[in-house]
Amino acid sequence: MAREKKYREPVNWKKELRLAPGYLIILLWITFTFVLLGWVLLASFSTTKEIFSNKLLASGLHFENYVKAWINSDVAGIFRNSLIYSVISCTLLIVICAPAAYVLARFIFPGNKLIQTGFVSAMGVPVVMIVLPLFGIVASMGILNNVMSNTVLLIFLYIGINVPYTTIFLMTFFSNLSRAFEEAAAIDGCPPTKAFWLIMLPMAQPGIITVTIFNFINIWNEYFISLIFANSDNLRPIAVGLYSMINSMKYTGDWAGMFAAVVIVFLPTFILYIFLSEKIIAGVTGGGVKG
Amino acid sequence: MKRNKGMIILFLTPAVFMFSVIFLYPIIRTVIMSFFKIDGITDPVARWQFTGLANFTKLANTSLFRISMWNLLRIWFFGGIIVMSLALLFAVIITSGIRFKSFFRAVIYLPNIVSAVALATMWLQYVYSPKFGLLKTVFTNLGLTDLAKIQWLDNDHKFASLLLAYCFGMVGYHMLIFASGIERISSDYFEAATLDGANKLNQFRYITVPLLKGVFKTNITMWSVTSVGFFVWSQLFSTVTADTQTITPMVYMYMQIFGAGNSITERNSGLGAAIGVLLSVCVVAVFWICNHLMKDDDLEF
C-alpha cells in the first residue's frame, strides 16, 4: 500500500469544482451514516419518552440507561463472554497458523499446493455445509451439557473457522520477507525452528496485528455458530445475547435501554476501528483476497 | 530439506488438523448425509436410510423452500446490482483525487465492522420506525406526506427494506476491493488517454472497466459467498418464524433442524444437508461462470 502524500497540495479550485459531483455523492452517504450512528448514540442517553416524541436529550444525559443495560439486562455477562472467546481464539489462531503459514510460504514439499488450495476453497464454504455433522458429533458426545466443555468447544470452533483465512493471510506476508535472515541465522548455527520463533515471527508482526484485528472483529460479531452451539444463556456471546435482549426490550418498552445495549455492543469494534482503520483497510485489500 | 522435514510436519500439523476437523470431514459427511434420510441428527450411520435424491426432490416440492430460494436469488441479484454499482461509483470517486480520501474511505467501510445484529437493530428500530423513524421525519419535513405514511416494515415493503439495509452494510467492503483494483492501474494509461482527448466517461468505459475484470470476479464471488449465508438479517426482520418475505434457505434449514418452529412435521437432517449441498453448488456455479465469462489472462498490465 502506497503511503499517502504528507504535504497538502494548494487548493486548485478548478480541479475541485470538476470533482464536485463526486464530493456531493460521498458526502450524502457519509452524512447518512453519521445521522444513523449519531442518532442511536443520542437516543441511548435519552429517555424512552423523549425518543418517541423526537426530542432527544431534552432532559439531559441519562447514563442510567447504560447502568440498567449493563447490570439488569446483563450486557456485562455477554460482553465478558465475547471478550474471553475473542482474546483466547485470536491468540491461539496465531500460535496455530503462523508456523503453518511460514512453512507453506518457505518450503517446497509434496502436498504444499494441495493444502493451500484446500484452505483457499474453505474460505468460500457456506457454514450450512459444515454445521450439521459438527453438531451431530458434539451432541452425541454430550459436550453441550457441560458449561466448561461447551466453552472450550465454542473457542475450538471459532479458531477452526478462522484457520484457513489466517493462514493464507500470513502466508502472503511471510513470502514477502527476505530469506537473508534465515540464511544468516543458519550460518550462525541457529536451527530453523528457533530461527522462526526468534527472528521471523517478530518480523511478521505487522501482518499478525492486522490479521488479529480481523479475527477479533469476526469472532466478536459471530452469530450463527454461537446461536447453534452455545447451549446455555450464560455462554452466549454478544451478538446472540443482544438479539434476545432486543426482543425482550421491545416488549418491556425500554427503547432507551435497547439503544444503550446496541451502543455497548458496537463500541469495542468501533474503538479498534478509530485507531486502526488504515491497517484494517490495508488488510482487506492486501491479504487473502487477490484481485 | 531433510533437516526441515520434522519442522514442516510439526508446524503444519495443528493447522491441518483444525482444517480437517472443521472443514474437510464435515463437508464430506454433509455430502453423504444429503442422500440419506436421518431422523435424529445424532443418529449413528447404521440408522441412516439411503433415499438417493429424495431429499432434493422433496425440497424442490416444498413451497416454503422454493420461496426461500427465490428470496435468496432476489437478494443476490438485486442486492448485487445495487451493491456493485454503488461500490464501483464510490471507488471511482475515492480514487479520482479528492481530498480527505482516507477519511471518506474509512467512514464508508465503517458499517462492515459493526455487528450485523446491532446494525440491523439501528435500521429496524430507528430508520424504519413508524413513530420516530428517520425516513418518516425526513419525508414529513420535505412535505411528502404520502411517502412519510409508508409502513416500511409491513408485508409489502419488508423485503425492499431488508435489502436496502443489508446493502448499506455491504457496500464498504466491495468498494475497498474495487478501489484497490483501480489504484493498481497505472496512471500512464489515463494520462495518455487524456492527451488523446478522451473524456472521463470514455476513460472509465474503455480503460477502467476492462482492466478491472479480475476485480469484478473477486467481488462477485465474495458477494455470492456472503449472500448464501444470509441469515441474521432475515431473523431480525421477520416477526414470525416462517415469514415468506424474508425467509432464506439458511433460515429454512435452521427452522427445520434446530428451530423451535411448530410447523415441523418430521425432522430429517438429510434435508438440511441437502440444502447445504445445494447452496455450495450455487457458489461453485457462480464462480465457474465468472471464470468462463471473464477471462482476465488475455490482458497484461
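Q: Is Asp39(B) buried, exposed or partly exposed, and what is its relative accessibility?
A: Asp39(B) has a relative accessibility of 38%, so it counts as partly exposed. The model is a predicted one.

Q: Which residue forms a salt bridge with Asp39(B)?
A: To count as a salt bridge, a side-chain nitrogen of Lys or Arg must lie within 4 Å of a carboxyl oxygen of Asp or Glu. Here the partner is Lys37(B), and the closest N and O atoms are 2.8 Å apart. Lys37(B) is partly exposed, with a relative accessible area of 24%.

Q: How many salt bridges does the structure hold?
A: Over all chains, there are seven. One of them joins Lys68(A) and Asp254(A), whose closest N and O atoms are 3.9 Å apart.

Q: Where do Lys68(A) and Asp254(A) lie, and what does the pair tie together?
A: Lys68(A) belongs to helix α4 (residues 64-72) of chain A, while Asp254(A) sits in the loop between α13 (238-252) and α14 (255-286) of chain A. The pair therefore ties together parts that are 186 residues apart in sequence.

Q: How is Asp254(A) classed, as buried or exposed?
A: The cut-off for buried is a relative accessible area under 20%. Asp254(A) has 17%, so it is buried.

Q: Which residue forms a salt bridge with Arg236(A)?
A: The partner is Asp233(A), with the closest N and O atoms 3.0 Å apart. Asp233(A) is exposed, its relative accessible area being 54%. Arg236(A) counts as partly exposed at 24% relative accessibility.

Q: Turning to helices, at what angle do the axes of α9 and α10 of chain A cross?
A: The axes of helix α9 (residues 180-187) and helix α10 (residues 192-203) of chain A cross at roughly 155° and come within 11 Å. That crossing angle makes α9(A) roughly antiparallel to α10(A), because angles over 145 degrees are counted in that class.

Q: Is the crossing of α9(A) and α10(A) left-handed or right-handed?
A: The crossing of these two helices is right-handed.

Q: Which residues make the contact between α9(A) and α10(A)?
A: On the α9(A) side they are Phe181(A), Glu182(A) and Ala185(A). On the α10(A) side they are Ala195(A), Ile199(A), Met200(A) and Met203(A).

How values were computed
Residues numbered from 1 in each chain as written. Chains lettered and ligands numbered in written order. Predicted model: local features only at pLDDT ≥ 70, side-chain atom pairs only at ≥ 80, totals over all residues. Heavy atoms only, no water. Axes fitted to C-alpha atoms, helices over the stretch in contact; angles between N-to-C directions. Helix = DSSP H or I, 4+ residues; strand = E, 2+ residues; numbered from the N terminus. Parallel < 35°, antiparallel > 145°, perpendicular 65-115°, else oblique. Left-handed = near helix turned anticlockwise from the far one by under 90°. Contact = heavy atoms within 4.5 Å. Buried < 20%, exposed > 50% of the residue type's maximum accessible area, 1.4 Å probe, protein only.
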